[in-house]
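Here's a quick tour for anyone meeting this structure for the first time. Have a look at the sequence and the model, then read on.

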Amino acid sequence: QVRLVESGGGLVQPGGSLRLSCVASGSIFSINAMGWYRQAPGKQRELVAAFTSGGSTNYTDSVKGRFTISRDNAKNKVYLQMNSLKPEDTAVYYCNAHLVEDRRSFLTARELWGQGTLVTVSP
């Protein structure tokens, strides 16, 4: 079964840095898009950063210049380097992927979510 697993969250002071990682495992034929979302208490889940199906990157305005998304295609991994963290960055961060799963040679398009990793920015 294809699965996404995030890691790297934790408690950090304002101005600090964290690096999140996400790995996709299982029988994956291809990954068409992959990125990070977050959800803060009382707010809707929002896109943070992503690689589009065309290979371009997309960032929400509030993280531009502070966060950087990167990937290792050979390992089916995506990373989010978060610098200059602010209290308003506090949220559960979720990895998201649009991929094609190879199930006994039958290809199936899927959207997957990771379990989430908590990032808390507090003095």
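What follows covers one arginine, a group of rings and the charges over rings.

This is a predicted model, where local features need pLDDT of at least 70, side-chain atom pairs count only at pLDDT 80 or more, and totals for chains, interfaces and linings use all residues. Residues are numbered from 1 along each chain as its sequence is written, and side-chain values use heavy atoms, with hydrogens and water left out.

**Arg-38**
- You'll find Arg-38 in strand 4, residues 28-39 (strands are DSSP runs of E, at least two residues, numbered from the N terminus).
- Arg-38 counts as buried because its relative accessibility is 6% (buried is under 20% relative accessible area, exposed over 50%, partly exposed in between, with a 1.4 Å probe and protein chains only).
- Among the residues in contact with Arg-38, leaving aside neighbours within four places in sequence, are Gln-44, Glu-88 and Tyr-93 (contact means heavy atoms within 4.5 Å).

**Ring cluster**
- Ring pairs link Tyr-37, Tyr-94 and Trp-113 into a cluster (ring centres of Phe, Tyr and Trp, using its six-membered ring, lie within 6.5 Å; planes under 30 degrees apart are stacked, over 60 edge-to-face, the rest tilted).
- Trp-113 is partly exposed, at 36% relative accessible area, while Tyr-94 is buried at 15%.

**Charges over rings**
- Arg-45 lies over the face of Tyr-94, 3.8 Å from the ring centre (NZ of Lys or CZ of Arg must be within 6 Å of the ring centre and within 35 degrees of the ring normal).
- Over the ring of Phe-51 sits the charged end of Arg-71, 4.2 Å from the centre.

Key:
Helix = DSSP H or I, 4+ residues; strand = E, 2+ residues; numbered from the N terminus.
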